[in-house]
Amino acid sequence: MTSRTVLVTGGNRGIGRAIAQAFLDAGHRVAITSRDGSGPEGPLAVAADVTDSASVDAAFTRIEAELGPVEVVVANAGITRDTLLMRMSEQDFVDVVDTNLTGAFRVVQRASKGMLRAKWGRVVLISSVVGLYGGPGQVNYAASKAGLVGIARSITRELGARGITANVVAPGFIETDMTAELDDATQAEYKKAIPAGRYATPEEVAAVVRWIAGDEAAYISGAVIPVDGGLGMGH
Ligand code: NDP
């Protein structure tokens, strides 16, 4: 296995933290970002706000200096601002898209410079089953997550011949802070709809991300890989 420099945005907690740990466990050099620059023991923690391209650029510059050019980028940072369409403010829509979709663009565009030079790279975009399945109260979130598919497929067509792959991993419901916020009745209802009958652990998502970023997955690009217990079948 070749040891790579990996960046996981939002790798300080939740799914991102599990993804960072999976790469560390496999012997890679791992950097994570959080907004305040703090993070768990293990990876290099740098501050970055994905809504600010100067902040993203500064984070990359530091990672490049300490760990070398980013070869695997996992755009994981994301937020929700759920509310029904009729009540959703334009700001709720714009903020979620700016973080989840434009934020991924800022990070991936910056990463692509080094990948093109190296003629090797892995772009992994963390979407959601909601991106293609939809979700009541999630017009903003679903739009941002569906947009990631367009990014991955366009990068695949643009950079596929340069040793770079771009894929989307679409988790279903995962045990994290994001889902802990849902009330008990909603949680029970969701579990009934999931063929697997349970939420996934962050580690189950992390294992798929690590695999899609590896040498073995070199011929997979532009794919949407569900990790959703069967919830989104038929996408
Ligand atoms: P958490 O809410 O636990 O963590 C969100 C992460 O995103 C944090 O690290 C946070 O950083 C970071 N973040 C938020 N806004 C910004 C910003 N403007 N700039 C930089 N970083 C930011 O999320 P999860 O672990 O639950 O989710 C991770 C990803 O997986 C998200 O993209 C989410 O949409 C997706 N997902 C989650 C599912 C779930 O069930 N939990 C299901 C499907 C997809 P900070 O700590 O600094 O706030």
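The questions below go from the whole chain to single elements and residues.

Biologist: What is the radius of gyration of the chain, and what would a compact globule have?
Modeller: This is a predicted model. The C-alpha trace spans about 50 × 35 × 35 Å along its principal axes. For 235 residues a compact globule would have a radius of gyration near 18 Å, so the value for the chain agrees with that of a globule; the chain has 17 Å.

Biologist: What percentage of the residues of the chain count as buried?
Modeller: The chain has eight helices and seven strands. Of the contacts with a separation of 6 or more, 68% are between residues 24 or more positions apart. Among the 235 residues, the share that counts as buried is 47%.

Biologist: Which residues does UniProt list for the domain, and how far apart are the end C-alpha atoms?
Modeller: The UniProt entry, which is unreviewed, lists "domain: Ketoreductase" for residues 4-177. Over residues 4-177 the chain is 48% helix and 19% strand. The end C-alpha atoms of residues 4-177 are apart by 29 Å.

Biologist: Which residues come nearest to the ligand?
Modeller: The shell around the ligand divides into ten nonpolar, 14 polar and five charged residues. Elements that each supply at least two residues of this shell include α1 (14-25), β2 (29-34) and α6 (177-180). Of the 29 residues around the ligand, those that come nearest are G10, G14, R35, A77 and G78.

Biologist: Which strands pair with β6, and in which sense?
Modeller: Strand β5 (residues 121-126) is joined to β6 by six bridges, and the two run parallel. Within that pair, R122 stands opposite T165. Strand β7 (residues 224-227) pairs with β6 over four bridges, and I225 in β7 is the bridge partner of V169. The strands are β5 and β7, and the sense is parallel.

Biologist: Which elements cover the buried residues of α8?
Modeller: In general, an α-helix has 3.6 residues a turn, so residues three or four places apart point the same way. The buried residues of α8 are P202, V205, A206, V208, V209, R210 and I212. What covers them includes α1, β4 (72-75), β5, β6 and β7.

Biologist: Is I220 buried, exposed or partly exposed?
Modeller: I220 is found in the loop between α8 (202-212) and β7. Leaving aside neighbours within four places in sequence, I220 is in contact with T165, N167 and I212. I220 is 54 residues from A166 in sequence, with the C-alpha atoms 8.3 Å apart. I220 has 13 C-beta neighbours inside 10 Å, so it counts as partly exposed.

Biologist: How far apart are Y219 and I164, C-alpha to C-alpha?
Modeller: Y219 also lies in the loop between α8 and β7. Because Y219 has 6 C-beta neighbours inside 10 Å, it counts as exposed. Y219 and I164 are 55 residues apart in sequence, and their distance in space is 9.9 Å.

Biologist: What is the phi of K119?
Modeller: K119 is found in the loop between α3 (90-118) and β5. With 11 other C-beta atoms within 10 Å, K119 is exposed. K119 is not a glycine, although its phi is positive, at about 55 degrees.

Biologist: Which residues is M1 in contact with, leaving aside its neighbours within four places in sequence?
Modeller: M1 is found in the segment before β1 (5-9). M1 has 9 C-beta neighbours inside 10 Å and therefore counts as exposed. From C-alpha to C-alpha, M1 and V72 are 14 Å apart in space, and they are 71 residues apart in sequence. Leaving aside those sequence neighbours, M1 is in contact with A26 and G27.

Methods
Residues are numbered from 1 along each chain as its sequence is written. This is a predicted model: local features need pLDDT of at least 70, side-chain atom pairs count only at pLDDT 80 or more; totals for chains, interfaces and linings use all residues. A residue is near a molecule or strand if its C-beta atom, placed from the backbone, lies within 6 Å of it. Ala, Val, Leu, Ile, Met, Phe, Trp, Tyr, Cys and Pro count as nonpolar, Asp, Glu, Lys and Arg as charged, and the others, Gly among them, as polar. UniProt positions are given in the numbering used here, feature names are shortened, and annotations may be inferred rather than shown by experiment. Two strands pair if DSSP finds at least two bridges between them. A residue is buried if 20 or more other C-beta atoms lie within 10 Å of its own, exposed if 12 or fewer, and partly exposed in between; C-beta atoms are placed from the backbone. Two residues are in contact if their C-beta atoms, placed from the backbone, lie within 7 Å. The radius of gyration is taken over C-alpha atoms; the globule rule is 2.2 Å times the number of residues to the power 0.38.
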